[in-house]
Structure formats: C-alpha cells, structure tokens
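Subject: Structure for you to look at

Hello,

Here is the structure I said I would pass on. Please open it beside this email and follow the notes below.

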Amino acid sequence: MKKRKTFSIEDKMFQTEPFFMVGYSWNEAIKYLKKRFDVEMEEEEVNAGGSETMASVWNFHSEPYHVVWFKSFKKSSPEDISALAHELTHLVIRICEDKGIALKAKHPETEEVLDEPPAYMLGFFVKEFLKRV
C-alpha cells in the first residue's frame with residue numbers, strides 16, 4: 001500500500017497556507033477534498049485527471065484555496081523533483097496573482113529587475129515540502 005500524506009505549509013511572510021496531498025489517486029484526492037473542506041471541482045477539471053496525470057495544482061474560492069497534489073513522490077527521483085519544481089512554480093504564480101505581488105518589477109532608481117519575492121517563495125515551498133515527505 002502506498003504511503004499517503006496530507007499537510008499544509010504556512011508561509012507567514014506572504015500570509016498563505018497551501019495544502020499538499022501525496023499518494024492519492026486523482027479521484028481519491030477529489031473525494032478527500034470534498035469531505036474535508038466541502039470544495040468541489042468543475043466537471044472539466046474532474047475529467048481532466050487521466051491515468052497519465054501525476055501532479056497538479058488546484059485552486060478554490062474558499063479554504064484550502066490552493067492544493068498541490070502528487071499521485072506519488074520520491075525524493076530520489078529526478079522526475080519527481082522536476083514535477084515538484086513545475087507544480088510549485090504554478091503555485092507561486094497563483095499566490096502572487098492572488099496577493100497582487102509582481103513576478104518581476106524594476107527598481108525605481110536603478111532599473112534593476114527584481115524577482116526576489118516569487119524566488120523566495122519557491123525556495124521556501126521546496127524546502128518545506130521536502131522536509132515533510
């Protein structure tokens with residue numbers, strides 16, 4: 001039997017707390033979210049999760065707001081680490097959009113391109129995710 005994990009990661013700096021699910025099938029994850037949070041996905045989202053889908057980020061208008069789902073995850077797998085980077089990039093972009101945080105901006109005096117907030121957030125979520133799985 002595969003190991004299942006669910007956990008939240010609170011980012012106090014950006015006041016967000018995405019929910020993570022590892023080791024659930026697509027349909028199991030949808031049922032779990034419905035039971036625990038009473039959230040439902042649109043029918044096209046439910047039907048999008050074919051057998052090839054290994055990871056995804058789901059967004060809701062109520063708690064848990066952002067869910068990162070992995071069918072399975074191994075720290076030793078380059079493919080899984082790549083999927084983690086991919087999905088967490090989606091997560092960071094969505095959080096930045098929700099919070100009105102620019103993905104990149106120019107410093108008003110030096111014209112230097114600043115992209116530190118999303119870079120910090122991505123690094124934070126990678127580190128905290130890997131601590132928990």
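Pro64 sits in the loop that runs between strand S3 (55-59) and strand S4 (66-70). The model is a predicted one. The peptide bond leading from Glu63 into Pro64 is cis, and its omega is near 20 degrees. As background, most peptide bonds are trans, and most residues other than glycine have a negative phi.

Gln15 is not a glycine, yet it has a positive phi of about 50 degrees. You will find Gln15 in the loop between S1 and S2. With a relative accessible area of 65%, Gln15 is exposed, because the cut-off for exposed is over 50%. Asp38 is also a residue other than glycine with a positive phi, here near 55 degrees. Asp38 belongs to the loop between H1 and H2. Its relative accessible area is 56%, so Asp38 is exposed.

Now the overall layout. The protein has 4 helices and 6 strands. In sequence order they give the pattern β-β-α-α-β-β-α-β-β-α. The radius of gyration is 16 Å, close to the 14 Å that the globule rule gives for 133 residues, so the protein is as compact as a globular protein of that length. Along the principal axes, the C-alpha atoms fill a box of roughly 55 × 35 × 25 Å. Of the 133 residues, 36% are buried.

Is Phe20 buried or exposed? Phe20 has 0% relative accessibility, so it counts as buried; the cut-off for buried is under 20%. Phe20 is part of strand S2 (residues 19-22). If you want a distance to check in the viewer, take the C-alpha atoms of Phe20 and Ala83: they are separated by 14 Å, and the two residues are 63 apart along the chain.

Next, the charged side chains. How many salt bridges does the structure hold? There are 6 of them. One of these joins the side chains of Glu28 and Arg4, with 2.7 Å from N to O. This pair links distant parts of the chain, since Glu28 is in helix H1 and Arg4 is in the segment before strand S1 (5-8), 24 residues apart. Glu28 has a relative accessible area of 30% and is partly exposed. Arg4 is partly exposed as well, at 37% relative accessibility.

Lys127, Glu128, Lys131 and Arg132 are linked in a network of salt bridges.

Lys131, with a relative accessible area of 57%, is exposed. Arg132 counts as partly exposed at 29% relative accessibility.

Glu42 lies in the loop between helix H1 (26-37) and helix H2 (43-48). Glu42 has 49% relative accessibility, so it counts as partly exposed, because exposed requires over 50%.

Regards

Note on methods:
Residues numbered from 1 in each chain as written. Predicted model: local features only at pLDDT ≥ 70, side-chain atom pairs only at ≥ 80, totals over all residues. Heavy atoms only, no water. Helix = DSSP H or I, 4+ residues; strand = E, 2+ residues; numbered from the N terminus. Buried < 20%, exposed > 50% of the residue type's maximum accessible area, 1.4 Å probe, protein only. Salt bridge = Lys/Arg side-chain N within 4 Å of Asp/Glu carboxyl O. Rg over C-alpha atoms; globule rule 2.2 N^0.38 Å.
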